[in-house]
Structures are given as structure tokens and as C-alpha cells.
Amino acid sequence: MAKDVYAKLRVKLEEEGGFPKPYLFKFIIPSDNKKLALVEALFGSEAQVTTRQSKSNKYISISAKEVMMSVDEVMTVYNKSTEIEGIISL
């Protein structure tokens, strides 16, 4: 199912075009500093990464804005993110 979602995203991004451009990634992870570090490692030093703890402190929402050079670069980030246990891509 995830590959199907990413296939649709790829088509949408290719239709939009306009790369390079800033792209906003959003993820939700269980509250875990190791997982947070893994997500932050998906992005370069130029990325603007913000986090917010859920009210119950069970989850962390992560928004990361970074200039992406191509659709393939966006898809690489999403593909690497699937290796992080418990991550939800929005």
C-alpha cells in the first residue's frame, strides 16, 4: 500500500514540476529520541526542522522544509523514512 501512495505522490510531483523548490515533509513518530534523531538525519543542515510533542506525550510531529532538487530527491527521503519503525508520513 505504501508504494502505491508514493507512486501517486510521484505522479503528482512530476505534474507540478518547478524543481528545485522548497518541499515540506511531515511525519509523526512515537516519542523516542533515537527515532527523532533518525528522522532529523534524513535532512541536510539547511533544512528547517520543527517538532511538537502531542498532549499525551506519546507522539512527536515533525515538519521539515528543505529545498529539493528533483522529484527523485523527495522520493528518496520518503523511501528512507520507511526504515524508521512506527513512522507515519503525512
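Contact here means heavy atoms within 4.5 Å. All views show a predicted model.

View 1. Lys21 belongs to S1, which spans residues 21-30. Leaving aside residues up to four places away in sequence, Lys21 touches Glu16, Glu66, Val67 and Met68. A polar atom of the Lys21 side chain lies 3.1 Å from the backbone oxygen of Gly17.

**View 2. The two faces of strand S3.** S3 covers residues 59-68, and its side chains alternate. One face carries Ile60, Ile62, Ala64, Glu66 and Met68, which are buried.

**View 3. Pairing of S3 with S1.** Ten bridges join S1 and S3 in the antiparallel sense. Within this pairing, Ile29 stands opposite Ile60 of S3.

View 4. S2 (residues 48-53) runs antiparallel to S3, with six bridges between the two strands. Thr51 stands opposite Ile62 of S3. Five residues lie between the strands of the S2 and S3 hairpin. In this hairpin, Asn57 takes a positive phi near 65°.

**View 5. The buried side of helix H3.** H3 runs over residues 71-81. Its buried residues are Val71, Val74, Met75, Val77, Tyr78 and Ser81. They cover an arc of only 155° around the axis, so they sit on the same side of H3.

Technical notes. Residues numbered from 1 in each chain as written. Predicted model: local features only at pLDDT ≥ 70, side-chain atom pairs only at ≥ 80, totals over all residues. Heavy atoms only, no water. Buried < 20%, exposed > 50% of the residue type's maximum accessible area, 1.4 Å probe, protein only. Helix = DSSP H or I, 4+ residues; strand = E, 2+ residues; numbered from the N terminus. Arc of directions from axis to C-beta. Polar contact = N/O pair within 3.5 Å; in protein donor to acceptor, adjacent residues only side chain to side chain. Pairing = 2+ DSSP bridges.
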